[in-house]
Amino acid sequence: MKLLFSPASPFVAKVRMAARHIGVSLDYVQVDAANQQDELLEANPLGKIPCLVLDSGRGIYDSKVIMREIDRKSGGKLFPTNGEALLDAELLESLADGLSDCAVAGQYELRLRPEEKIHQPWVDRQWSKVSRGLDHLNNNCPSLSGELYAGHFALAGLLGYLDLRYEGKWQGARENLVKWQSDFAKKFADYDELKPQV
Ligand SMILES: N[C@@H](CCC(=O)N[C@@H](CS)C(=O)NCC(=O)O)C(=O)O
């Protein structure tokens, strides 16, 4: 199996960390999602990364479906089995991914559009979602005392992306979340290697 990826993506970081954690081995092929290369479009008509390409050639997307696919290959290590804990893990993944969507959308507006066409109210709207979600997570910090699940990797991917693209902007008074990130890095030793980077 190979993963079409680009190293700055929070969704890619989530999948790579999770695969490493559960011992699923992947080959990595770096693609430029901004330029919509053929290899990516053939595997994923959406032209988005990450995209997992199975040995059969079938493309698997988006990152939540990839997480479920590698979870099945690992015998179910990425999600709890218990109902309430499972819902917690799924919701955390959904929230962190949703905030990553907003953070990425804000960056696309700022980086890919001609300067005179940037619509700042729209950028601000994306950031207000990120900000509200981070406040919620700061007040409801996910526990790191047990197993690491999909939601933990999604949140670590998001915070790594914010460090990369919104340097110094997300922490503020969110001390619980800052501590969460540093505790996560102690628990998952490969965070520095796999977090979003250029
Ligand atoms: N919901 C998707 C989001 C993936 C996504 O937005 N990836 C970005 C990079 S971080 C991308 O491929 N952008 C290229 C594009 O939108 O054309 C997932 O979870 O996989």
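Predicted model: local features only at pLDDT ≥ 70, side-chain atom pairs only at ≥ 80, totals over all residues.
View 1. Residues are numbered from 1 along each chain as its sequence is written, and side-chain values use heavy atoms, leaving out hydrogens and water.

The space in this largest pocket comes to about 890 Å³. Of its 32 lining residues, S9, A33, I49, V104 and Y108 are the closest to the centre. Helix 1 (10-22), helix 3, helix 4 and helix 6 (150-165) are the elements that each give two or more residues to the lining, and helix 4 gives the most, with eight. On a 1 Å grid over the protein atoms alone, a pocket is an open set of points where a 1.4 Å probe fits, with protein on both sides within 12 Å along at least five of seven lines; lining residues have an atom within 4 Å of a point. The volume is the space filled by probe spheres set on the points, which are joined across faces, edges and corners.

**View 2. Four strands make an open sheet in the order 2-1-3-4, with mixed pairing.** Strand 2 (27-30) and strand 4 (59-60) sit at the edges with a single partner strand each, so one side of each has no neighbour in the sheet. Strand 1 (residues 2-5) runs parallel to strand 2, and four bridges join them; look for F5 opposite Q30. Two strands pair if DSSP finds at least two bridges between them. Strands (E, at least two residues) and helices (H or I, at least four) are DSSP runs, numbered from the N terminus.

**View 3. Helix 3 (residues 63-73) lies across strand 1, strand 3 (51-53) and strand 4.** The angle to strand 3 is about 40°, taken between N-to-C directions on a scale from 0 to 180 degrees, with axes fitted to C-alpha atoms, for helices over the stretch in contact. S63, I66, M67, E69, I70 and D71 of this helix are buried; buried means under 20% relative accessible area, exposed over 50%, and partly exposed in between (1.4 Å probe, protein chains only). Their cover includes strand 1, helix 1, strand 3, strand 4, helix 4 and helix 6. Just past the helix, G75 has a positive phi of about 75°.

**View 4. Two cis peptide bonds to zoom in on are I49 to P50 and Y61 to D62.** Omega is about 5° for the I49 bond and about -5° for the Y61 bond. P50 is in the loop between helix 2 (38-43) and strand 3, while D62 is in the loop between strand 4 and helix 3. Most peptide bonds are trans.

**View 5. S100 sits in helix 4 (residues 83-112).** Its relative accessibility is 1%, so S100 is buried. Setting aside residues up to four places away in sequence, S100 touches P10, F11 and L158, contact being heavy atoms within 4.5 Å.

**View 6. R165 belongs to helix 6 and Q181 to helix 7 (residues 175-187).** R165 is partly exposed at 24% relative accessibility, whereas Q181 is buried at 12%. Beyond neighbours within four places in sequence, R165 contacts A8, Q107, R111 and V198, and Q181 contacts L159, G160, D163, W170 and Y191.
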